[in-house]
Amino acid sequence: MIRGALAISLFVVANCAAAQSVTVRSGEHDGHTRLVAQVPHGTEWALTQKKNGARLKVAIDDVRFETGSVFARLSSARLSTLSQARSGAELDMEFGCDCAASAFLYQDTMIVIDIAPVDVLPPLGPLLVSVPDISQGFEQEQSASDRAPEPFALPLLEQGLQRIEERLSTRFVQGADRDILNLNLAPRGPRRVPEIHDLGDLLDLEPNFRVSSVLEDLPGFPVPDIPPVPSRPACLTRAEIGFDSWSDGRSFSEQIADLRVGIFEEFDRVGSETVMKLARLYAFHGFGIEALQVLDLTTSQSSDGDRIAAIARIIDDQKVAEPNPFENLQRCANDAALWSVLSEQTLRADADLKAIEQAFPRLPDHLQRHFGPSLANILVEGQKLEAARRILRTTDRVEPESRPEVSRAKAAVASAEGDEPQTEALLNEVISSPDAVLEAPLALAQLIEKRWGERGAVSAQEVDLAAAYVLEFRRSEIGSMMLQAHAVALSLSDQFDAAVDLAESRPASEGRAGTLNQVMLMVAERSDDVTFLRRTLGLADDFVSDLSTETAIALSDRLATLGFASKAHFFASRPQDRIKRSERARLRARAALLGGRPHQAMLELADDDSVQADLLRIEVARTVGDFVKAGELSKKLGTLNEADRYFWLANLTDQTADQNGQFAKIAATTRALAKQPARNPAKPLADAAYLLKDSEDTRQKIAELLTALDP
């Protein structure tokens, strides 16, 4: 499990180039979210905890973390945000649960960070710091401890059993995860293993070993729980699948005629071998349903028949029946990897892309045309754009004339690359194609989703076309998708009432929450105040519970801007929200400030050191009349003129943040005007001349004061 976890973990590659960029990817595991930072050998690093988060600092100058694709692979809410204030700063992690982070160094170049709930973190880390006195009982062995430890010897596996080796390596890595062992493991990658013909019952053996430490024998030390390691299925060989031999090269009609004649043998018994050959022939030529019907003629069960049935269902775009014979075989270095990814319809982190790309051109031309677009879409979703382009180029060579399915797959690649004009052109090409019976509505839905993502506009013709597709495909599998596309298109064309009504009319079981969230985000961002308040304040409780945290935050922010304190606080304090805690706390602080509760606002902002929180604290201090605090916070944020204004209101004219600012000049001029002139009664003429000069200086200072007040 751990080796698989390392394969799908997030990798942060510390680049030594001038850009010093660090690419961030993600991975999810049972019970924890794992982050892995791969840094140069000898790089110093530190992980510090904070409330509801942690910070990772690496000693790399001008390091920049690229976090664009982090959340694409996360399915839980343990990690809510990743941010970096500036180049060279630490990576700031904010958790969406009551979690903590633990870290260790693996192979001297990989910083592994595990984010897990507090109650499931391994307790051995802190215990190793405060070890009880164990010197008693070991004094007589002290001389033996000075000797170099003997190397850890393993019995030789004469037949090179790969699965046993994998289990053993997995257990060692689990020990390293718990800081029990410090292993110097070989780098990951394929290894040459002798061919194994018959392992007998050895492959079914349960693990009969465990990794332990001497500390576990001491009183008071908990024994780490090593979970059972699920075994992965053995890879099928290309010969076992034998797809290339399912047709002998003759014409389809000639082969099928010969096989159908020999189905029934003596006494009308079905020839199982002939049935298998006929099913293979049907599947090879793309007739999946026919292959399944032929397999029903025989009652004998075999692994070969299961593979034929699985490929037949893959060809006809059906879900493969359980158990899937190609499950978890994407790691295999042969044709099994291709059939595995086509059966699972998703790309695993350990998939052998080279084997998949080499197996695809070996398919017959008609299957390359059939599988090319769907396989490219799977690779795009797995962020393997170069591999997707190569698959599409192979498909183009087989079929030079572009089809709507291929054009839509190319649009997906262009969209993933950020080529917006190319994406738009390809999708419009599919929509306008007369042969795109099913691809046209799918392309329209994809185009509307793209416009929504970039907050673009939808034309009236596209809205009408979406409505027509809703009516046409209302009883099909894509009917729900087209209804959502129509509602989103209405919101993009500023028809908010119709969009919200359509979203609310959907049953909860048909994706109402997703449609309502997209529509309400557009209402929060684009609608006028009256429409926004009518649709937001009138939401039923069932619809409010369907809103995501992001949508609730957007509604709360605009309600606070419009002065609706209680409703803004309601949307920012829903009990089901677990992510973006700081942002929701700031919204609650704004609502409390609007409701005349400045002290409650300060409580909401506790432990929040962001700039937005400081701006709210300034507003709270101004509200309660604490102008000194407001000035100090403004000075901290660098708004020196505002800081001097608050110091002026606090009657601290001598305390100025900007010596050349407006209030500094006003304070200096005021002090000069308040200064009493020096009189000389003994010399009346000199005293009179001084008074005239002082009067002239006073008028000049008053003019300067008026200029400073109104620059």
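Is the crossing of H17 and H18 left-handed or right-handed? We will get to that helix pair right away, and then turn to a sheet. Please keep in mind that this is a predicted model.

## The helix pair H17 and H18

The crossing of H17 and H18 is left-handed. On the H17 side, the contact is made by Val463, Ala466, Ala467, Tyr469 and Val470, while H18 contributes Met482, Leu483, His486, Ala489 and Leu490. Sorted by class, the contact comprises nine nonpolar residues and one polar residue, with no charged ones.

Now for the geometry. Two packed helices are described by the angle between their axes and the distance between the axes. Helix H17 covers residues 460–472 and helix H18 covers residues 479–492. Their packing angle is about 155 degrees, and their axes lie 9 Å apart. Angles over 145 degrees count as roughly antiparallel, and H17 and H18 are therefore roughly antiparallel to each other.

## The four-stranded sheet

Let us move to the strands. An open sheet is built from four strands, ordered E5-E6-E9-E8, with antiparallel pairing. At its edges are strand E5 (45–50) and strand E8 (79–83), each of which pairs on one side only. On average, neighbouring strands of this sheet are turned by 20 degrees against each other, direction ignored.

## A closer look at E5 and E6

Strand E6 spans residues 53–58, and its antiparallel pairing with E5 runs over six bridges. Which residue of E6 is the bridge partner of Trp45? That partner is Val58.

Methods: Residues numbered from 1 in each chain as written. Predicted model: local features only at pLDDT ≥ 70, side-chain atom pairs only at ≥ 80, totals over all residues. Heavy atoms only, no water. Pairing = 2+ DSSP bridges. Helix = DSSP H or I, 4+ residues; strand = E, 2+ residues; numbered from the N terminus. Axes fitted to C-alpha atoms, helices over the stretch in contact; angles between N-to-C directions. Parallel < 35°, antiparallel > 145°, perpendicular 65-115°, else oblique. Left-handed = near helix turned anticlockwise from the far one by under 90°. Contact = heavy atoms within 4.5 Å. Nonpolar A, V, L, I, M, F, W, Y, C, P; charged D, E, K, R; others polar.
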